[in-house]
Amino acid sequence: MSTTTLLSCTTFSNTPKPTNHKAHLSPVIKHRQLVPFSNSSTFSSHLKLMHLKKVKYTCCNATRRKSMPGDEASLDDDEDENVRKVLQFLLWAAEGVYIGWLFLLPYAPGDPVWAISSDTINSLVGLSLNFFFVLPLMNSVGIRLIDAPVLHPMSEGLFNLVIGWTLMFAPLLFTDRKRDRYKGSLDILWGFQMFLTNTFLIPYMAIRLNEADGQYTPRKTSQLSTVMTNGAAFVGLIGGAVCLISVLWALFGREDGNFGSLTERWDFLLSYLGSERLAYAFIWDICLYTIFQPWLIHDNLQNVQKSKISIVSYLKFVPVIGLVVYLLSLDLDEES
């Protein structure tokens, strides 16, 4: 029997009858209304509107993609330039305040430079003779080529603390990667800094923020720069020792001179700062050195031995100590 004959003889009594089928519409389609187009012009208008929306969307995306990389770099450059200008303005303003308030105006404690008293001059000469405690220490062991002036150990300690700290700034300035932006002599600048401290350091900090001159030829290294750079570790040890001795001398020096206990010495220091312009200026110098030390060290970490960069970066904020560590960790091969 063939397949055709078999199918024609088979009955399907239980097969359900087909029912009317209704298409299931999704919720999105249900809420949409199909608007019939009555004529070709309406249909054409809708096509144009859809085309304009597509072009607008494409152009907006293209514009955003095109502006992202360049704009970010430009914004970063603008921000750096603005920060540099603000810092320079603040530094030059600080220089004006420093000179005006500490040298010229009569409002700060002590006498201005144009009305300096003989007592202040004598005190300054005596402190200079006791530079780095050389004469007092020589006298203490019986060597009396010149008798050291007897001054209050607090004033001697404060003076030598600032001068010892200033000494250690020499290798830091001579290894500064931005030193060539200062067109003057660093030897002369640091020499004046030893006597007038931040009067000359503040302008240097402002000038080193100038934009680099691509056509500028680096000047020949001076003999003082070579000595200070090659002997940076020695300078750091000497300067650090002087600063430590200064603190100890201020607290315990000249015990046979009837300068009183620690409390009395502290009272003298407060009175000294409130009556002497020189002492008052030293407090300004200490505050400014506390800012400039980590600033310069941070900008010159590439001069430090790679194995010691982390410790130098951590201690750079500690007054005096951070600078000593930097000088002891200086990589002379990298600097040369």
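The structure is a predicted model, in which local features need pLDDT of at least 70 and side-chain atom pairs count only at pLDDT 80 or more, while totals for chains, interfaces and linings use all residues. Residues are numbered from 1 along each chain as its sequence is written, and side-chain values use heavy atoms, with hydrogens and water left out.

## Overall architecture

The protein chain contains 15 helices and zero strands; these are DSSP runs numbered from the N terminus, with helices defined as H or I of at least four residues and strands as E of at least two. Of the 336 residues in the chain, 35% are buried. Buried means under 20% relative accessible area, exposed means over 50%, and partly exposed lies in between (1.4 Å probe, protein chains only). Contact means heavy atoms within 4.5 Å. Among contacts between residues at least 6 apart in sequence, 77% join residues at least 24 apart.

The unreviewed UniProt entry lists "transmembrane region" for residues 89-107, 127-146, 158-176, 188-207, 227-252, 278-297 and 309-328. UniProt positions are given in the numbering used here, feature names are shortened, and annotations may be inferred rather than shown by experiment. In the model, residues 89-107 are 84% helix and 0% strand, with end C-alpha atoms 24 Å apart. For residues 127-146 the corresponding values are 50% helix and 0% strand, and the end C-alpha atoms are 14 Å apart.

A nonpolar core is a set of buried Ala, Val, Leu, Ile, Met, Phe, Trp, Tyr and Cys residues joined through side-chain atoms within 4.5 Å. The largest such core has 60 residues, and Phe169, Phe292, Leu323 and Tyr326 have the most contacts inside it. Helix 6 (residues 153-174) gives the most to this core, with 14 residues. Leaving aside residues up to four places away in sequence, Phe169 touches Trp190, Gln193, Leu201, Tyr289, Phe292, Gln293, Leu296 and Leu323.

Ser155 is also found in helix 6. The residue is buried, with a relative accessible area of 6%. A polar atom of the Ser155 side chain lies 2.7 Å from the backbone oxygen of His152. Beyond residues up to four places away in sequence, Ser155 touches Leu127, Phe268 and Tyr272.

## Aromatic pairs

Rings of Phe, Tyr and Trp (its six-membered ring) pair if their centres lie within 6.5 Å; planes under 30 degrees apart count as stacked, over 60 as edge-to-face and the rest as tilted. The whole structure holds 13 aromatic pairs. One of them is the stacked pair of Phe131 and Phe132, at 4.0 Å centre to centre and 15° between the planes. Phe131 is partly exposed at 33% relative accessibility, whereas Phe132 is buried at 17%.

The rings of Phe133 and Trp249 form a tilted pair, with centres 5.2 Å apart and planes at 40°. Phe133 lies in the loop between helix 4 (118-129) and helix 5 (134-140) and Trp249 in helix 10 (residues 232-252), so this pair ties together parts that are 116 residues apart in sequence. Both Phe133 and Trp249 are buried. Elsewhere, Tyr98, Phe103, Tyr280 and Trp284 form one aromatic cluster.

## Salt bridges

A salt bridge is a side-chain nitrogen of Lys or Arg within 4 Å of a carboxyl oxygen of Asp or Glu. The count comes to seven, including those tabulated here.

| Salt bridge | N to O distance |
|---|---|
| Lys85 and Glu81 | 3.9 Å |
| Glu156 and Arg254 | 2.9 Å |
| Arg208 and Asp176 | 2.9 Å |

Lys85 and Glu81 both lie in helix 3 (residues 40-104), four residues apart, about one turn of the helix. Lys85 is partly exposed at 48% relative accessible area, and Glu81 is partly exposed at 24%. A network of salt bridges links Glu81, Arg84, Lys85 and Glu211.

Glu156 and Arg254 are both buried. The salt bridge of Glu156 and Arg254 links distant parts of the chain, with Glu156 in helix 6 and Arg254 in the loop between helix 10 and helix 11 (262-273), 98 residues apart.

Arg208 and Asp176 are likewise both buried. Arg208 lies in the loop between helix 8 (198-207) and helix 9 (223-230) and Asp176 in the loop between helix 6 and helix 7 (186-196), so the pair ties together parts that are 32 residues apart in sequence.

Definitions and conventions:
Polar contact = N/O pair within 3.5 Å; in protein donor to acceptor, adjacent residues only side chain to side chain.
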